[in-house]
Amino acid sequence: MNGDGGEDRGGTAAEAGTRGVHGSQGAHGTPEPGPGAATGTAARLQKLFEGHRLTPTQRRIAHCMVRRAADAPFLSSVELAELAGVSQPSVTRFAVALGFDGYPALRKHLREVVPAATARGTEASNEYQQAVQAEIDNLRHLAAVLADPGPVVRAGRLFAASRPLPVLGLRAATAQAAGFAYFARKVHPDVRLLDEGGTMLTDRIDAAVQAGASTLLCFALPRHPREVVDALEYARAAGLTVVTVADSAFAPVARHTDLLLPAAVGTGLAFDTACAPMLLGRVLLEAMCDALPDAQARLEEFDAKAAERGLFVE
């Protein structure tokens, strides 16, 4: 898909997580299909690769796909890159070398020719179930990344110390930024949501800097708007420390980010799913609350006022 939040994305294995299938665990933590399950699919893959002049890197990808024939049609380009030990752009070039417009077209073709019985285990599942399972896998990977809480703790302290705290999110990332800002305002004295692009964006960054901001939080999701990249470059030049939640450590915003926190998005539906970035945003809120000495008092004050006003239906 080429729509907002619906294209194949770059990145590396470290940020992708791996999808689950039935069987034993492989060397990279992804389960291997049972013996003989992918024989027919492997033959189809071999035939697909025949007659094409492939580079050594592309042959490595082809060999990996044959070895993982049962789940090859369901791997993202990031996952395939991890399993083959190559870069994600190499996977894209590999698909083009085979005559496809890109990796999504290759994966779609593979899904059409793979027998249903060999697809990710013995139990057939529809595309909606596969999308949910992919998000579960992304959340499992995020949990593994959070085994080292250091980067999140550091980010929470940076947010707590920044007065004001600008939060940037455009297009597909608008909801993530708005959700963070909504809750952050309950404990942080000055949170400024930057959810509109255009010529005013740099003005609002300047205003935040002049008011004393030291850190900017950005949510950056595919497809990555050029103006987000430009805004982060501008923010760093203005002296802000940039913390970014992105779908990959190799996202276009990476080179303009001081602290990048990866959370993979799901790509199995027409539009990307972003459960992991949303949850990571909530984790960052928790870390910020831990760094704000009056956070609990602010929450209690809000609850008391909400009760007085009858704000919520119990």
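**Figure 1. The loop holding R223.** R223 is found in the loop between strand 3 (215-220) and helix 11 (226-237). Helices (H or I, at least four residues) and strands (E, at least two) are DSSP runs, numbered from the N terminus. The peptide bond that joins P222 and R223 is cis, with omega about -10°. This is a predicted model, in which local features need pLDDT of at least 70 and side-chain atom pairs count only at pLDDT 80 or more, while totals for chains, interfaces and linings use all residues. Residues are numbered from 1 along each chain as its sequence is written, and side-chain values use heavy atoms, with hydrogens and water left out.

**Figure 2. The loops on either side of strand 1.** P164 lies in the loop between helix 8 and strand 1. The peptide bond leading from R163 to P164 is cis, and its omega is near 5°. R171 has its place in the loop between strand 1 and helix 9. The phi of R171 is positive, near 50°, in a residue other than glycine. R171 counts as exposed, at 56% relative accessibility. Here buried means under 20% relative accessible area, exposed over 50%, and partly exposed in between (1.4 Å probe, protein chains only).

**Figure 3. Strand 1 and its partner strands.** Strand 1 is covered on both faces: L165 and V167 on one side, and P166 and L168 on the other, are all buried. Strand 1 pairs with strand 2 in the parallel sense over four bridges; two strands pair if DSSP finds at least two bridges between them. V167 stands opposite L193 in strand 2. From strand 1 the chain crosses through helix 9 to strand 2, and this β-α-β crossover is right-handed. That term applies if, with the strands pointing away from the viewer, the path from the first strand over the helix to the second runs clockwise. Strand 1 and strand 3 also run parallel, joined by two bridges. The bridge partner of L168 in strand 3 is C218.

**Figure 4. The largest nonpolar core.** This core has 33 residues, and those with the most contacts inside it are F159, V167, F180, L217, F219, L284 and M288. A nonpolar core is a set of buried Ala, Val, Leu, Ile, Met, Phe, Trp, Tyr and Cys residues joined through side-chain atoms within 4.5 Å. Elements that each supply at least two residues of the core include helix 8 (150-161), strand 1 (165-168), helix 9 (174-184) and helix 12 (275-291). Helix 12 gives the largest share, six residues. Apart from neighbours within four places in sequence, V167 is in contact (heavy atoms within 4.5 Å) with A177, F180, V191, R192, L193, L194, L217 and F219. A second, separate core of 25 residues includes A62, L80, F94 and A95. In soluble globular proteins, nonpolar side chains tend to be buried together.

**Figure 5. Helix 9 and what covers it.** The buried residues of helix 9 are Q176, A177, G179, F180, A181 and A184. Helix 8, strand 1, strand 2, strand 3 and helix 12 are among the elements that cover these residues.

**Figure 6. Aromatic rings.** The count of aromatic pairs comes to five. Rings of Phe, Tyr and Trp (its six-membered ring) pair if their centres lie within 6.5 Å; planes under 30 degrees apart count as stacked, over 60 as edge-to-face and the rest as tilted. F159 and F180 form an edge-to-face pair, 5.9 Å centre to centre with 75° between the planes. This pair links distant parts of the chain, since F159 is in helix 8 and F180 in helix 9, 21 residues apart. F159 is buried, with a relative accessible area of 0%, and F180 is buried, also with 0%. The rings of Y182 and F183 have centres 4.9 Å apart and planes at 80°, so this pair is edge-to-face. Y182 is partly exposed, with a relative accessible area of 43%, and F183 is partly exposed, with 36%. Ring pairs link F159, F180 and F219 into a cluster.

**Figure 7. A charge over a ring.** The charged end of K186 sits over the ring of F302, 3.7 Å from its centre. The rule requires NZ of Lys or CZ of Arg within 6 Å of the ring centre and within 35 degrees of the ring normal.
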